[in-house]
Amino acid sequence: MSTLVIAEHDNSSLKTATLNAVAAAQVMGADIDILVAGADCGGAAAAAAAVPGVGKVLVADNAAYAHQLAENVSLLIAEVAAGYDNIIAPATSNCKNTMPRVAALLDVAQISEITSVVSADTFQRPIYAGNVIATVQSTDAKKVITVRTTAYDAAPAEGGSATIEALDAVHDAGLSAFVGEEVAVSDRPELTSAKIVISGGRGMQNGENFKLLDGIADKLGAAIGASRAAVDAGFVPNDYQVGQTGKIVAPDLYIAVGISGAIQHLAGMKDSKVIVAINKDEDAPIFQVADYGLVADLFNALPELEAKL
Amino acid sequence: MKVLVAVKRVVDYNVKVRAKADGSDVDLNNVKMAINPFCEIAVEEAVRLKEAGIATEVIAVSVGAKACQEQIRTALALGADRGIQVETEGAVEPLVVAKLLKAIVDKEQPQLVILGKQSIDGDNNQTGQMLGALANMPQGTFASEIVVDGDKLNVTREVDGGLQTVSLNLPAIVTTDLRLNEPRYASLPNIMKAKKKQLDVYSPADLGVSVTSHLTQVKVEPPAERKAGIKVADVDQLVDKLKNEAKVI
């Protein structure tokens, strides 16, 4: 059995999400190759070749793949997929964009955001915002799978020496073009890979008050997140959102401030190792999942916490 | 331009869904059903395009049992012009839904198809992209803004770490994210008017699509429960616990 892992990368380096997907592929026990599609992506390819247990790194280096346009990359993956039993990708926004196109081109189902491999054809995945875990069995000979990255610890990044093979195939569907991007610039770690996350909810009352989280985040080296309620209220941008329809995080420490704990939010953070909740409502559902709950007015508790860290 | 918008009947987002005791499926007896929230955003965007004079006709399509006509009527009450139901039984996988929608696209030749990015039941996030591949159309997924610019469509997308803008040739597919718009409420007169709007029903056989499943749901179960911890008295105790007991800071 053979598995192709689709690399998530920024051309110069490999994103940790790729290593989470490799870890899931290793559970399946197949031979693993990695596909790096990008432009000037030699750095990412070299990083992929250093992942232990990888046989080959296939590199498609062309301007057509520069911005991971799904119309182009899906054609490439569907072609390369011919030689593999499993196509596995991390459930990042790029791969969520591309992989269903691949599955449709191959006329197979996609199994989205698996959290567990039960056997070669059977997987577990959360449905209904994580209220229910479904076990699904695939009858497809070729399986297209995305992996919820928080369900798998990253595979080691160093120590391997896979061969690197260049792919000549250039697929430019000519249907779409990259115009631009606005990447949130921050000195803080990325939400999905941070060891500590501190999130604010509706209890923060407005966007200005999110500054109360800054000092604590700086002291802890934490990323700042938010509940959907805070995003919907316009306190912070959508890329802060932790939850079923936002980002799924599982840091060592998650501090929920002024967050009631709607199921949609819990789905995005309940796999964190340690959860702290600060809320003035002692009946808030967030306390049912918190390891340490502090019933307090956040406007008093946050400055005190910052001072005492 | 003609705009096709897909809507799905799902459990209302306020309902806390549970697995049946025998683990065969989720218990959907007597629960409130509604239009999928992302689909509602899709309908709203299509109607706004019509109000802006860009869309000439908005067609709402749903794949499902007869009951999904209720959600099509909701879309019609929100401003869609006519409806199409593709009548299916039981659960239908995203790939099959995409094939059925592809057949409707061939029939109606829309310039734009708007779908929700995912449904809040299966949480698959697949159908729009699959339709894109089958119809050989470009896609702007997880859209937070769309702008029609001649024969192109500019889509701003919510991606990891920020926003990305792409330019798509028309016809194109858009899947909606939360911030694309805030859907309106249907007014009573519009709900009444919606009852008289045209609603055509097709079977998968009419469309030449075979409904085969590639996946079997073996069982469903509740997620592992996380045990509630302790309440700390004050910030001092919290910091102490995090340092000395949990050892995470």
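1. Two strands are taken to pair if DSSP finds at least two bridges between them. In this predicted model, strand β11 (residues 176-183) of chain A and β9(B) pair in the antiparallel sense, over seven bridges. Within this pairing across the two chains, Ser176(A) stands opposite Leu168(B) in β9(B).

2. The contact between the chains draws 62 residues from chain B and 68 residues from chain A. On the side of chain B that touches chain A, the elements giving two or more residues include α3 (94-108), α4 (127-135), β7 (139-149), β8 (152-159) and α6 (235-245) of chain B, while the largest share, eight residues, comes from β9(B). Sorted by class, that side of chain B has 30 nonpolar, 19 polar and 13 charged residues.

3. An open sheet of six strands also draws on both chains, with parallel pairing in the order β13(A)-β12(A)-β14(A)-β15(A)-β16(A)-β13(B). Because β13 (223-226) of chain A and β13 of chain B stand at the edges, each with a single partner strand, one side of each is left without a neighbour in the sheet. Neighbouring strands here are turned by 25 degrees against each other on average, with direction ignored.

4. Inside that sheet, β14 (residues 253-257) and β15 (residues 274-279) of chain A pair in the parallel sense over five bridges, and the bridge partner of Ala256(A) in β15(A) is Ala277(A). Helix α5 (residues 211-220) of chain A packs on the sheet, where it touches β12 (196-200), β13 and β14 of chain A, and its direction makes about 175 degrees with that of β12(A).

5. Elsewhere in chain A, β2(A) is mostly covered, with seven of its eight residues buried. Strand β1 (residues 2-6) of chain A pairs with β2(A) in the parallel sense over five bridges, and Ile6(A) stands opposite Leu35(A) in β2(A). The chain crosses from β1(A) to β2(A) through helix α1 (residues 16-28) of chain A, and this β-α-β crossover is right-handed.

6. Six bridges join β2(A) to β3(A), and the two strands run parallel; in β3(A), the bridge partner of Gly38(A) is Asp61(A). Together with α2(A), these strands make a right-handed β-α-β unit.

7. Which residues of helix α2 (residues 42-49) of chain A are buried? They are Ala44(A), Ala45(A), Ala47(A) and Ala48(A), and because they cover an arc of only 160 degrees around the axis, they lie on the same side of α2(A). These buried residues of α2(A) pack against β2 (31-38), β3 (54-61) and β10 (163-166) of chain A.

Methods. Residues are numbered from 1 along each chain as its sequence is written. Chains are lettered from A and ligands numbered from 1 in the order in which they are written. This is a predicted model: local features need pLDDT of at least 70, side-chain atom pairs count only at pLDDT 80 or more; totals for chains, interfaces and linings use all residues. A residue is buried if 20 or more other C-beta atoms lie within 10 Å of its own, exposed if 12 or fewer, and partly exposed in between; C-beta atoms are placed from the backbone. Helices (H or I, at least four residues) and strands (E, at least two) are DSSP runs, numbered from the N terminus. The arc is that of the directions from the helix axis to the C-beta atoms. Two residues are in contact if their C-beta atoms, placed from the backbone, lie within 7 Å. Ala, Val, Leu, Ile, Met, Phe, Trp, Tyr, Cys and Pro count as nonpolar, Asp, Glu, Lys and Arg as charged, and the others, Gly among them, as polar. Axes are lines fitted to C-alpha atoms, for helices over the stretch in contact, and angles run from 0 to 180 degrees between N-to-C directions. A crossover is right-handed if, with the strands pointing away from the viewer, the path from the first strand over the helix to the second runs clockwise.
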